[in-house]
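Subject: Structure handover

Hi,

Here is the structure we talked about. My notes follow below it.

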Amino acid sequence: MIIRRASIKDLERVNELLRQVLEVHASGRPDIFMSGSKKYTDEELLAIFENDETPVFVAEDEALGVVGYAFCIVKEICGSHILHDRRELYIDDLCVDEKCRGKHIGTALFRFVEDFAKIEGFDAVTLNVWALNESAMRFYEKCGFKPLKTVMEKPLGE
């Protein structure tokens, strides 16, 4: 397996994996997520792939093709009156094909992102995880993540 930057040839497979992630969220929070929808247009995805501020890495198996991805976003805090200057590599989305889970592909993707962030001089790797996705929360904790802050909601329709 190799991990590399995503390119135009990965478009179809990345779209398939994005659908898998969406359906996990839509089944857990149908009040927020629309099942069967698409997160990005193909044009938006290609622009994301080409932008150094939004690097996307794919895990490619020689026999199976792309089996996972990590969408990242460069976030910088500069000149704040209350916060130190800081560069974070934010993992916006990390997915391993549901048929390939349990083979340490997610861990390899995360370690690749972590190494990339260290080499590029980032201060931290950050992410958000939906409370409904308990398996993802356990995975990130095993990777060494700790809660930084909590977003809470009070639905008003109940």
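Start with His-25. Leaving aside neighbours within four places in sequence, His-25 is in contact with Pro-30, Phe-33, Trp-130, Leu-132 and Asn-133 (contact: heavy atoms within 4.5 Å). His-25 sits in helix 1, residues 11–28. Its relative accessible area is 12%, so His-25 counts as buried (under 20%; exposed is over 50%, partly exposed in between; 1.4 Å probe, protein chains only).

On provenance: this is a predicted model, where local features need pLDDT of at least 70, side-chain atom pairs count only at pLDDT 80 or more, and totals for chains, interfaces and linings use all residues. Residues are numbered from 1 along each chain as its sequence is written, and side-chain values use heavy atoms, with hydrogens and water left out.

Five strands form an open sheet, order 1-2-3-4-5, with mixed pairing. Strand 1 (2–5) and strand 5 (124–127) are the edges; each has a single partner strand, so one side of each lacks a neighbour in the sheet. The twist averages 30° from one strand to the next.

Strands 3 (65–77) and 4 (86–96) pair antiparallel over ten bridges. Tyr-69 stands opposite Cys-95 in strand 4.

Two helices pack on the sheet. Helix 2 (42–50) touches strand 1, strand 2 (56–61) and strand 3, and its direction makes about 70° with that of strand 3. Helix 3 (105–119) touches strands 1, 2, 3, 4 and 5; its direction makes about 160° with that of strand 4.

Terms: helices (H or I, at least four residues) and strands (E, at least two) are DSSP runs, numbered from the N terminus. Pairing needs at least two DSSP bridges between two strands. Axes are lines fitted to C-alpha atoms, for helices over the stretch in contact, and angles run from 0 to 180 degrees between N-to-C directions.

Best wishes
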